[in-house]
Amino acid sequence: MTSSEGGDRRPASERLADELRVSIESGELAAGAKLPSERELAEFHGIARNTARQAIRLLAESGLVIAEHGRGVFVRPAISVIRLGNDRYSPRYRDTGLSPFLLECAKQGKAGRFEVLSVERVTPPADVAARLKISPDTPSALRRENVFWADADPVQRVTTWLPWALADSTALLRDEVGHPFGIHGILEERGHLMARIHDEISARMPTPDEREHLQLSPGVPVLDVLHTSIDTEGEPYELTRFVMRADLSGLRYDAPVE
């Protein structure tokens, strides 16, 4: 019976959630296993059914379980992660004929694709304009918005800003840019060879729009990666925000210490 033994004065729902969490993390409740129903949990632990429901909600918000309508609540299966490495832009992969994201998917045996949400000329937000050294007061940027998929899973919502002067009259204005190396192939042809990347990374909960496009379960956070490409002249020329499902995504960096 769930109790406040040992001076634990937390609500019964939190104590039950911790008990179930231990069972999940130890493997006693394996990935894919069905949890007891709210009624069964309430009867076994001598608590109210609403308390059992709250405990399950806490587990769902932690990303440990998934509720399936009409079937019950199940331990979230272990999912392979798409890891983006700092080497994905390396010229040594040019012979693959794959863009950076498709390259990462191929390395892990997954089929990558993307869905275009919009391609338009915009007045950039002030922080974007400052990073790209363009005007924040005029339509000085091209914005491309996409959702990237690995197999059947949407894993990233991606927004890319480019200086309009660089993107104008190029295939970057089309949904399908038609270059085997994606937008970076076109940018290289325009004289911007990536020499350095600057990534700013944080974690947060998703917005409603992100939750919809990434098909996120309750409690799953996102990684927010703001990536700036810097060319051989030391100038920024592309800024991309990767909003990545934290349950399906990872980052891998292998770089010299300067």
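## Helix packing and salt bridges

Helices H2 and H3 (residues 49-61) pack with their axes 8 Å apart, at an angle of about 115°. This places H2 roughly perpendicular to H3, and the crossing of the two helices is right-handed. Please keep in mind that the model is a predicted one.

Which residues of H2 and H3 make the contact? From H2 come Glu38, Arg39, Leu41 and Ala42, and from H3 come Arg49, Ala52, Arg53 and Ile56.

Glu43 is exposed, with 58% relative accessibility, while Arg39 is partly exposed at 42%.

How many salt bridges does a search of the whole structure find? The search gives 21. Here are three of them, side by side:

| Salt bridge | N to O distance |
|---|---|
| Lys110 and Asp151 | 3.9 Å |
| Arg157 and Asp209 | 2.9 Å |

Let us take the Lys110 pair next. Lys110 forms a salt bridge with Asp151, and their closest N and O atoms are 3.9 Å apart. Lys110 belongs to the loop between helix H4 (100-107) and strand S4 (112-122), and Asp151 to the loop between strand S5 (141-150) and strand S6 (153-163), so this pair ties together parts that lie 41 residues apart in sequence. Is Lys110 buried or exposed? With a relative accessible area of 17%, Lys110 is buried, because that value falls under the 20% cut-off.

Finally, the side chains of Arg157 and Asp209 meet in a salt bridge with an N to O distance of 2.9 Å. The pair links distant parts of the chain, with Arg157 in strand S6 and Asp209 in helix H8 (residues 208-213), 52 residues apart. Arg157 is buried, with a relative accessible area of 11%, whereas Asp209 counts as partly exposed at 33% relative accessibility. Which residues are joined with Arg157 and Asp209 into one network? Glu120, Arg143 and Glu145 belong to that network too, joined through salt bridges that share partners.

Technical notes. Residues numbered from 1 in each chain as written. Predicted model: local features only at pLDDT ≥ 70, side-chain atom pairs only at ≥ 80, totals over all residues. Heavy atoms only, no water. Salt bridge = Lys/Arg side-chain N within 4 Å of Asp/Glu carboxyl O. Buried < 20%, exposed > 50% of the residue type's maximum accessible area, 1.4 Å probe, protein only. Helix = DSSP H or I, 4+ residues; strand = E, 2+ residues; numbered from the N terminus. Axes fitted to C-alpha atoms, helices over the stretch in contact; angles between N-to-C directions. Parallel < 35°, antiparallel > 145°, perpendicular 65-115°, else oblique. Left-handed = near helix turned anticlockwise from the far one by under 90°. Contact = heavy atoms within 4.5 Å.
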